[in-house]
Amino acid sequence: MSNQNTNGAAVSRNPATGETLATYTFQTPQQIDRLLDDNTAARTLWRDTPMNERVATYHRLTTILRERQDALAATITAEMGKTIDASRAEVRKCADTIDWVADNGPAILADEPAPIDGDDTVYVSFLPIGTILAVMPWNFPLWQAIRAAGPIMLSGNGFLLKHAHTTMGSAFALQDAYEAAGFPKGLFANLNVANDTVAQVIEDPRIAAVTVTGSMRAGSAVASTAGKALKKSLLELGGTDAFIVLADADIERAVEVGIQARFQNAGQVCLAAKRFILEQPIAEEFTRKFVEAARKVKAGDPLDPATTIGPMARGDLRDELHDQVERTLGAGARLLLGGRKIDGIGNFYEPTVLADVQPGMAAFDEETFGPVAALTTARDTEHAIELANTSEYGLSGNIWTADIAAARQIARRLETGGVFINGFSASNPRIPVGGVKKSGYGRELSHFGLREFTNPQVVWAKTHP
């Protein structure tokens, strides 16, 4: 079912019950123009606000996020279906990230001396560039927006959020939190428009740059428009992350973490294991134990504490996932578990495990954005590396082995933006996140994210004019 109706509005529906939660009428051209004017005025005020006052405003935001945790989590779960505990954890992660940015950002954004011969003084200032348009997805309705806005806004930039139509309730709840914290009204603003209107907004001279988290198709379209307008873009476009398990790995632990890495958020995570590449000597043992563990993954009401995974966010996404499973089986893979839509109300899909998945099959080549694990056997370590790199994506990857030194050497050969050894892919405000190949370009979080949308302005003062 589409999340955009024929009457020009975004529609939020509960994916567990099918209930329509709210309808958000798209903004008119006049409203968009006024929103951009208000944002421009707000960011001028914000740009001229001393850094210590910006930091204080950030800390007020974290207080509000923590105070509103339960209400925000309830909105997330109602709109996109993740378990209520996971939604609460998402809100906490947002607050922790804003705290980290506030505590560490000023030093990262401070003027940086540039070494040069002679007595001249040279330094680099990291200055705001204007308003950044953020096109964000539905799978982490608060976190994705905060992950972008936190680093972007501290330097003095404005932020315009074009959220997924299904999660507009989360978007407006977040905007309200920013305004309650004391950010200038209009500085963090929601753009509620049809997808085909986004290009016109990017072209507007009041927009300085754009950041996108989403599909390859969406990223390509946005980047093309931004490029024609000579505006910077940052893209995070998902992946087919490899979870490599070598012969000397701790199998019990690899299975335990692998289950979490694949089935968290009903498998609707960009930075997560999707292709399990198993070295031959342990492939049979890992497969047996993984299937046993996957049988215990329980799909159901996301408000029930006993539920492991909730529904998929939309019916059309479930249909696409099932088509990928069917095409993979039709190409010769084996079904070890699941593989069906769950009957009844809601967009539920069975936890699914596919074996003998090879390059050329849908579950190997394409991003499976749902509770489906694809298992592939590698002859040896070299073959595992080759299989891992056989992808047009390059977001992250995992290596499981007792030999950390060897894993570090393997990591250098993996064509990904991140490698996690004996653990699952994760994001943290202290480390950059982003990909290579068709997973996108640019980095969010850490000092990279704080400086990504700034103007590194060189100031060169001659000692003897």
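Start by selecting helix α4 (residues 84-109) and helix α5 (residues 143-154), whose crossing is right-handed; helices here are DSSP runs of H or I with at least four residues, strands are runs of E with at least two, and both are numbered from the N terminus. A crossing is called right-handed if the near helix is turned clockwise from the far one by less than a right angle, and left-handed if anticlockwise. Before you go further, keep in mind that this is a predicted model, where local features need pLDDT of at least 70, side-chain atom pairs count only at pLDDT 80 or more, and totals for chains, interfaces and linings use all residues. Residues are numbered from 1 along each chain as its sequence is written, and side-chain values use heavy atoms, with hydrogens and water left out.

**Stop 1: the helices around α5**

The axes of α4 and α5 come within 9 Å and cross at roughly 15°. That makes α4 roughly parallel to α5; the label covers angles under 35 degrees, while over 145 is roughly antiparallel, 65 to 115 roughly perpendicular and the rest oblique. Axes are lines fitted to C-alpha atoms, for helices over the stretch in contact, and angles run from 0 to 180 degrees between N-to-C directions. Show side chains to see where they meet: the α4 residues include Glu90, Cys94, Ile98 and Leu109, and the α5 residues include Trp143, Ile146 and Leu154. Contact means heavy atoms within 4.5 Å.

Look for Met51, Arg54 and Tyr58 in α2, which meet Ala149, Gly150, Met153 and Leu154 in α5.

**Stop 2: the seven-stranded sheet**

Next, colour the strands of an open sheet with the order β13-β14-β15-β12-β11-β16-β17 and mixed pairing. Two strands pair if DSSP finds at least two bridges between them. The edges are β13 (334-337) and β17, each pairing on one side only. On average, neighbouring strands are turned by 25° against each other, direction ignored.

Leu337 stands opposite Val353 in β14.

**Stop 3**

Zoom in on β16 (residues 396-400). Is this strand buried or exposed? Five of its five residues are buried, so β16 is largely enclosed by the rest of the structure. Buried means under 20% relative accessible area, exposed over 50% and partly exposed in between, using a 1.4 Å probe and protein chains only. In a regular strand the side chains alternate between the two faces of the sheet. Here Ser396, Asn398 and Trp400 point one way, and Gly397 and Ile399 the other way.

Phe243 stands opposite Asn398, in keeping with the parallel pairing of strand β11 (residues 242-245) and β16 over four bridges. Asn398 also stands opposite Phe420 in β17; β16 and β17 (residues 418-421) run parallel and are joined by four bridges. Follow the chain from β16 through helix α14 (residues 404-411) to β17: this β-α-β crossover is right-handed, as the path from the first strand over the helix to the second runs clockwise with the strands pointing away from the viewer. α14 lies across β16 and β17, running at about 165° to β17.

**Stop 4: three loop residues**

Go to Pro15, in the loop between β2 (9-13) and β3 (20-25). Pro15 is buried, with a relative accessible area of 4%.

Finish with two leucines. Leu230 has a positive phi of about 60° although it is not a glycine, and Leu230 lies in the loop between α8 (216-228) and β10 (232-236). Leu445 has a positive phi near 65° and sits in the loop between β18 (440-441) and α15 (446-452).
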